[in-house]
Amino acid sequence: SEEGRVLQFSVNEGDLVEKGQMLAQLRTALLEIELAAAEAEAELRRQELEELVNGTRQEEKEVAAAELSRDQALMEYAEARYRRAEQLFLKEKAVSQEELDETKSAATAAKSNYLASRARYDLAEKGPREEQKLQAKARHEAQLQVVARIKDMIEQRTIRAPFAGYVTAEY
């Protein structure tokens, strides 16, 4: 195990030291790696929070609006086609039952696509929910605590002079 192994001993017998001065540094390589990973995770969490706080980008709203417009036009076309086929079927039997059913199915599918686009558009307009923002903030704050804990563990492996004086012996 590397824990407790001295990496650096920075004073010699007879040296004057100030209170809080580093006397020795224990190995912290594994903790340094863990700290780098924890800090990267904290940055990721910060970016996720910022994304939610900033909300939907204008380009995303424009894409949602274009999809909504497209799906509305397709729905209106499919519904008009179905109405024409229904009239032809009822009045003149100029279309078959199968053709009528196909146009009805296409109109139903087009309406479903339109409703899905409408929902995506509404979500883009409203942006992220407040609950999502609060959850992201909590995840970021929790990760900052992990970073602080690892930094504390590294600091605990730094031996400092408890008071000013002279080094009388090295162990």
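**Entry 1: the loop at Lys93**

I started with Lys93, which sits in the loop between helix 2 and helix 3. The model is a predicted one, and I kept that in mind throughout. I looked up the backbone angle here. Lys93 is not a glycine, yet its phi is positive, about 55°. Is Lys93 buried or exposed? Its relative accessible area is 56%, so I noted Lys93 as exposed.

**Entry 2: helix 2**

Next I went to Glu60, in helix 2, which covers residues 58-91. Glu60 has 41% relative accessibility, so it counts as partly exposed. I then checked a distance from Glu60 to Glu76. The two are 16 residues apart in sequence, and their C-alpha atoms are 24 Å apart in space.

**Entry 3: a charged patch**

Glu98, Glu99, Asp101 and Glu102 form a negative surface patch. Asp101 belongs to helix 3, residues 97-126. It counts as partly exposed because its relative accessibility is 41%.

**Entry 4: salt bridges**

Side chains of opposite charge can pair when their charged atoms come close. How many salt bridges does a search of the whole structure find? I got 11.

I began with Lys151 and Glu39. They form a salt bridge, with 3.9 Å between the closest N and O atoms. Lys151 is in helix 4 (residues 130-156) and Glu39 is in helix 1 (residues 29-54), so this pair ties together parts 112 residues apart in sequence. Lys151 is partly exposed, at 44% relative accessible area. Glu39 is partly exposed too, at 35%.

Then I stayed in helix 1. Arg45 forms a salt bridge with Glu41, and their closest N and O atoms are 3.0 Å apart. These residues are 4 apart in the helix, so about one helical turn separates them. Glu41 is partly exposed at 27% relative accessibility. I also found a network of salt bridges linking Glu41, Arg45 and Glu48.

In helix 3, I checked Asp122 and Arg118. They form a salt bridge, the closest N and O atoms being 3.6 Å apart. Being 4 residues apart in helix 3, they are also separated by about one helical turn. Asp122 has a relative accessible area of 30% and is partly exposed. Arg118, at 31%, is partly exposed as well.

**Entry 5: a strand pair**

Last, I turned to strand 3, residues 22-26. It is mostly covered, with 4 of its 5 residues buried. Strand 3 runs antiparallel to strand 4 (residues 158-160), and 3 bridges join them. Which residue of strand 4 is the bridge partner of Met22? I found Arg160.

Technical notes: Residues numbered from 1 in each chain as written. Predicted model: local features only at pLDDT ≥ 70, side-chain atom pairs only at ≥ 80, totals over all residues. Heavy atoms only, no water. Patch = residues over 30% accessible without salt bridge, like charges linked within 9 Å, V, L, I, M, F, W, Y side chains within 5 Å. Areas by Shrake-Rupley, 256 points an atom, 1.4 Å probe, with all protein chains shown as cover. Salt bridge = Lys/Arg side-chain N within 4 Å of Asp/Glu carboxyl O. Lys, Arg positive; Asp, Glu negative; His and termini not counted. Charge placed at Lys NZ, Arg CZ, Asp CG, Glu CD. Helix = DSSP H or I, 4+ residues; strand = E, 2+ residues; numbered from the N terminus. Buried < 20%, exposed > 50% of the residue type's maximum accessible area, 1.4 Å probe, protein only. Pairing = 2+ DSSP bridges.
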